[in-house]
Amino acid sequence: MSRFLNVIPVAEAVATVIRISPEPVKEMIPVESSVGRILAAAVTADTDIPGFDRSVVDGYAVRAADTAGAGDAIPALLHCTGRIAMGRQDAKISVGPGTCAYIPTGGVLPAGADAIVMVEYTEDASDTVLVKKAASHGENVLLRDEDFKKGKTVFFAGRQITPQDAGVLAACGCASVPVAKKPIVGIISTGNELVPVTMIPGPGQVRDANASMIAAYLTEYGCVPRLYGIILDEREAFEAILTRALPECDVVLLSGGSSKDERDMTAAVIAAMGEVLVHGIAIAPGKPTIIGRIAEKPVFGLPGHPASAFVVLIAIVRPLLDRMLGLSRSIQRTQRATIAVNIPSQRGREEYVRVRLENGVATPLFGKSGLLNTLIRSDGLTRIPAGAEGLEQGSVVEVILW
Ligand code: AMP
Ligand code: MG
């Protein structure tokens, strides 16, 4: 076996990821717990909303023509025929020429009326109401299908549900909402040097940072992470853990051991149990990345360095999550920013530079590979395309926010 990786461009790697991505699976969940989830089907209004012509103010339902020219000096005098009750249509109350009816906010517009005068512009004189402002036809009235029309699409599939959406979904009669099932993603940390978070590392040992970081990202991205702990760089350990994890997960991520050192087991084990589709991507950091498939399930080998693992998670694994969630557009947050200084880059690989953001200006944070501190001192990543020799000071870029 060659000691060198056969790297492919990021776009090709992402295309492979999309090709092997499982379809979203739909499930129904209660609308009140749907926030953050991704709609898996379009939703239409099952009735006209509001469903009746409705007052948007407290006031008097009138015929607009009866108020023409009314003002403080010369109010229109209208005979009040009654008070509209909330929550029902009162057939007994109607508004004819020269009359009006009191109507509260949300009340059903009575027959004959075509506008509402706000109570602030009226004066009550027993059965007569003084209207001190002219109303125009339709003023302060919400028409029966003005908000949403029966049968019309209110939401399209692929949208992340906001709290406001939940309100509109409820108004549309969706007690339960079709959403994409959260993908279950297995996380396996590999490396003889790794120790659990609870241990004090001895010389040469490091705490497993990746599992927690990857799990946290996945949780935030609407997936269910499933942690399988740390395994040694031994073939049997890899096979045993993958045999356990695969039936329980939709996707499996291994971190560490993804390169071509003799200790690096991931590629050989994936090849033996399934197939390796990509081994090596023209991305920095993150070149030694594996995309494979075992029993129809995507399996990734991420580089061990936490910063590299994180970049690959965002740049390569995220498109898979987007597909599995059925997202119409990625929910990864981004922000446009101006580059503070020239950032050189090596042609031929797509580079992801950690940047700090301040008032719309992105300053790169350079540091030796393998540092954890740049992950928390930075606000996100900016991408330098493979064909570019760098980013020029003053150019405007999209920053992928952490
Ligand atoms: P590897 O990709 O296995 O060659 O590992 C590259 C570097 O990342 C090594 O310094 C490892 O100790 C470190 N590393 C690997 N896995 C983890 C992990 N889960 N948490 C923190 N560091 C790790
Ligand atoms: Mg290793």
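In what order do the strands of the open six-stranded sheet run? The order is S16-S13-S17-S21-S20-S18, and the pairing is mixed. Strands here are DSSP E runs of at least two residues, helices are H or I runs of at least four, and both are numbered from the N terminus. Two strands pair if DSSP finds at least two bridges between them.

Now the edges. Strand S16 (224-231) and strand S18 (275-279) each have a single partner strand, so one side of each has no neighbour in the sheet. From one strand to the next, the twist averages 20 degrees. Angles run from 0 to 180 degrees between N-to-C directions, with axes fitted to C-alpha atoms, for helices over the stretch in contact.

Before I go on, the ground rules. This is a predicted model: local features need pLDDT of at least 70, side-chain atom pairs count only at pLDDT 80 or more, and totals for chains, interfaces and linings use all residues. Residues are numbered from 1 along each chain as its sequence is written, chains are lettered from A and ligands numbered from 1 in the order in which they are written, and side-chain values use heavy atoms, with hydrogens and water left out.

Back to the sheet. Strand S13 (residues 184-190) and strand S17 (residues 251-255) run parallel, joined by five bridges. Look at Ser189: its bridge partner in S17 is Ser255.

Two helices next. Helix H3 (residues 210-220) lies across S13, S16, S17 and strand S21 (297-302), at about 165 degrees to S13. Helix H4 (residues 235-248) lies across S13, S16, S17, strand S20 (290-294) and S21, at about 165 degrees to S16. Contact means heavy atoms within 4.5 Å.

How is the chain divided? There is domain 1 (10-24 + 182-325), domain 2 (26-48 + 148-180), domain 3 (54-142) and domain 4 (334-401). The bounds come from an automatic or database domain assignment. The centres of domain 1 and domain 3, over C-alpha atoms, are 68 Å apart.

On to the spaces. We use a 1 Å grid over the protein atoms alone: a cavity is a set of points where a 1.4 Å probe fits but cannot get out, a pocket is an open set with protein on both sides within 12 Å along at least five of seven lines, and lining residues have an atom within 4 Å of a point. Points are joined across faces, edges and corners, and a volume is the space filled by probe spheres set on them.

How many cavities of 30 Å³ or more turn up in the whole structure? One. The largest cavity holds about 40 Å³. Its lining includes Arg37, Lys182 and Tyr221. Domain 1 and domain 2 each give that lining at least three residues.

The largest pocket has about 450 Å³. Of its 17 lining residues, Tyr217, Glu220, Phe310, Leu401 and Trp402 are closest to the centre. H3 gives the most to this lining, four residues. Domain 1 and domain 4 each supply at least three. By class, the lining has 13 nonpolar, two polar and two charged residues. Nonpolar is Ala, Val, Leu, Ile, Met, Phe, Trp, Tyr, Cys and Pro; charged is Asp, Glu, Lys and Arg; the others, Gly among them, are polar.

The second largest pocket has about 390 Å³. Its lining has five nonpolar, 10 polar and five charged residues. Thanks, that's my tour.
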